[in-house]
Amino acid sequence: MSTPLQPHHYSILIIGAGLQGLVAAKTYLQLNPSTSLLILDSNTTIGGVWAQENIYPDLKTNNQLGTFEFTDFDIRNVCAGKVKAGEHIPGDVVHEYLVKYAEKHDLIGRVRLKCKVTTAEHVQGDSQGGWKLTVIPTKDGDSDRSSKVTDLGFTENDTTTIITTSKLI
């Protein structure tokens, strides 16, 4: 059995590196650039439902080109030559778009993949309304992403770590 890990603290913790999680992080950091913010996601890639592991051949959005994008990042920057006007956007293009959005707004280093939140407890008596989360590493054999999990303090033998946060999104 491994030694219990020391809790990690972040001012803001966002669960999910999908569309909403990424835009919430980007917006919060625009207003408070020096905040300690972390995004956790159980997938092996950014994107939420549009994560690479969730995409299958011929998957497309119900949206046509030009109707699915953030106001500060034109999807045409990503899909040039891949999607024509009037066509539905393929899933792999949406995934690539979300990754590029995260890169553009310097969110990649704040994302920890393969981390599943198992409990979120409100800390009583905390004047700022803090939270204590229990996080476990997901097991999927993706050694390419294991370094991100290690950043939370996991080692090969660890099963959980504790993260505290002032605000939970």
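Lys114 counts as buried at 7% relative accessibility, where buried means under 20% relative accessible area, exposed over 50% and partly exposed in between, with a 1.4 Å probe and protein chains only. The structure is a predicted model, in which local features need pLDDT of at least 70, side-chain atom pairs count only at pLDDT 80 or more, and totals for chains, interfaces and linings use all residues. Residues are numbered from 1 along each chain as its sequence is written, and side-chain values use heavy atoms, with hydrogens and water left out.

**Overall make-up**
- The protein chain has four helices and eight strands, these being DSSP runs numbered from the N terminus (helices H or I with at least four residues, strands E with at least two).
- Along the sequence, the elements of the protein chain follow the pattern β-α-β-β-α-β-α-β-β-β-α-β.
- Of the 169 residues in the protein chain, 41% are buried.

**Strand β2 and its partners**
- In a regular strand the side chains alternate between the two faces of the sheet.
- In strand β2 (residues 37–40), Leu37 and Ile39 point one way while Leu38 and Leu40 point the other way, and all of them are buried.
- Strand β1 (residues 8–15) runs parallel to β2 and is joined to it by four bridges, two strands being paired if DSSP finds at least two bridges between them.
- Within this pairing, Leu13 stands opposite Leu38 of β2, and Ile14 stands opposite Ile39 of β2.
- Strand β5 (residues 111–112) also runs parallel to β2, with two bridges joining them, and here Ile39 stands opposite Val111 of β5.
- Together with helix α1 (residues 19–31), strands β1 and β2 make a right-handed β-α-β unit; a crossover is right-handed if, with the strands pointing away from the viewer, the path from the first strand over the helix to the second runs clockwise.

**Packing of α1 and α3**
- Helix α1 packs with helix α3 (residues 91–104) at an angle of about 15 degrees, and their axes are 11 Å apart; the axes are lines fitted to C-alpha atoms, for helices over the stretch in contact, and angles run from 0 to 180 degrees between N-to-C directions.
- The helices α1 and α3 are therefore roughly parallel to each other, since angles under 35 degrees count as roughly parallel, over 145 as roughly antiparallel, 65 to 115 as roughly perpendicular and the rest as oblique.
- The crossing of α1 and α3 is left-handed, a term used if the near helix is turned anticlockwise from the far one by less than a right angle, whereas clockwise is right-handed.

**Positive phi in two loops**
- Most residues other than glycine have a negative phi.
- Lys114, which is not a glycine, has a positive phi of about 55 degrees and is placed in the loop between β5 and β6 (115–122).
- Asp106 likewise has a positive phi, near 55 degrees, and lies in the loop between α3 and β5, where Asp106 counts as exposed at 60% relative accessibility.

**Cysteines**
- The count of disulfides is zero, a disulfide being a pair of cysteine sulfur atoms within 2.5 Å.
- Cys79 counts as buried at 1% relative accessibility, and Cys115 is buried with a relative accessible area of 2%.
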